Amino acid sequence: MSNMKFQFNIKVNDQDYLDYNIFWSSRSHYGKKQMMIFRIFFVVLFAVSIAVSLSSDGFSKESFLGVIPSLLVLILVQVFLTRFFSWMLKGHIKSLKKSGKMGYSPESVMEFYEDSFVETTPENKTEQKYSAVERISVVDNKIIYIHVNNIMAYILPLSCFETKEQYESFLDFMKTKCANIDVY
């Protein structure tokens with residue numbers, strides 16, 4: 001391995017993990033696509049349901065009035081879909097915590113070298129080449145997510161950086177390793 005460029009002691013908590021999952025589902029490059037697919041699916045599902053209902057009742061005045069509740073439900077689904085997903089994520093994370101199978105390690109050390117980076121947790125050690133990084137998300141200048149696929153990301157909270165200069169230097173370094181850096 002080449003010379004180490006950066007080393008961070010990272011502490012991640014349940015809120016950081018929840019924030020990542022909410023970010024992923026509602027704001028990230030990946031989640032926006034999935035939410036759009038869900039939205040389209042619900043519109044198509046309700047459109048088919050409404051069309052069947054109208055045609056089976058002969059397109060009468062009563063059948064048109066009967067689809068109003070379905071249209072209201074569709075509107076509510078579209079408006080509250082993101083909040084519903086956030087609520088579901090919170091419940092899922094609570095059940096993961098109860099079972100002791102969290103999707104993150106509360107403490108890790110990440111070392112960044114010229115050609116790769118290494119995450120060391122109490123359970124394991126993982127090395128990734130920068131070519132495996134699909135994109136990097138910088139969220140509100142408070143947290144950095146290094147995405148290695150559409151589901152998994154390494155979480156670097158602002159608290160792991162010693163100074164603002166180190167944070168800026170790290171971002172400049174990562175810009176040389178990944179072309180897809182999204183700032184939110």
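Predicted model: local features only at pLDDT ≥ 70, side-chain atom pairs only at ≥ 80, totals over all residues.
Modeller: Residues are numbered from 1 along each chain as its sequence is written, and side-chain values use heavy atoms, with hydrogens and water left out.

Biologist: Are α1 and α2 roughly parallel or oblique to each other?

Modeller: Helices here are DSSP runs of H or I with at least four residues, and strands are runs of E with at least two, numbered from the N terminus. Helix α1 (residues 14-26) packs against helix α2 (residues 29-56) with the axes 5 Å apart and at an angle of about 55°, where axes are lines fitted to C-alpha atoms, for helices over the stretch in contact, and angles run from 0 to 180 degrees between N-to-C directions. Angles under 35 degrees count as roughly parallel, over 145 as roughly antiparallel, 65 to 115 as roughly perpendicular and the rest as oblique. The pair α1 and α2 is therefore oblique.

Biologist: Which residues of α2 make the contact with α1?

Modeller: Contact means heavy atoms within 4.5 Å. On the α1 side the contact is made by Trp24, Ser25 and Ser26, and on the α2 side by Tyr30, Gly31, Lys32, Gln34 and Met35.

Biologist: At which residue does α4 bend?

Modeller: Helix α4 (residues 68-99) has 32 residues and reaches 43 Å from its first C-alpha to its last, close to the 46 Å expected at 1.5 Å a residue, the expected span being 1.5 Å times one less than the number of residues. The bend at a residue is the angle between axes fitted to the seven residues ending there and the seven starting there. In α4 this angle is about 60°, at phenylalanine 80.

Biologist: Against which helices do the buried residues of α4 pack?

Modeller: Buried means under 20% relative accessible area, exposed over 50% and partly exposed in between, with a 1.4 Å probe and protein chains only. The buried residues of α4 are Leu74, Leu81, Phe85, Ser86, Leu89, Ile93 and Leu96. They pack against α1 and α2.

Biologist: Is threonine 121 buried or exposed?

Modeller: Threonine 121 lies in the loop between β3 (116-120) and β4 (125-129). Leaving aside neighbours within four places in sequence, threonine 121 is in contact with Ser105, Glu107 and Ser108. Because its relative accessibility is 10%, threonine 121 counts as buried.
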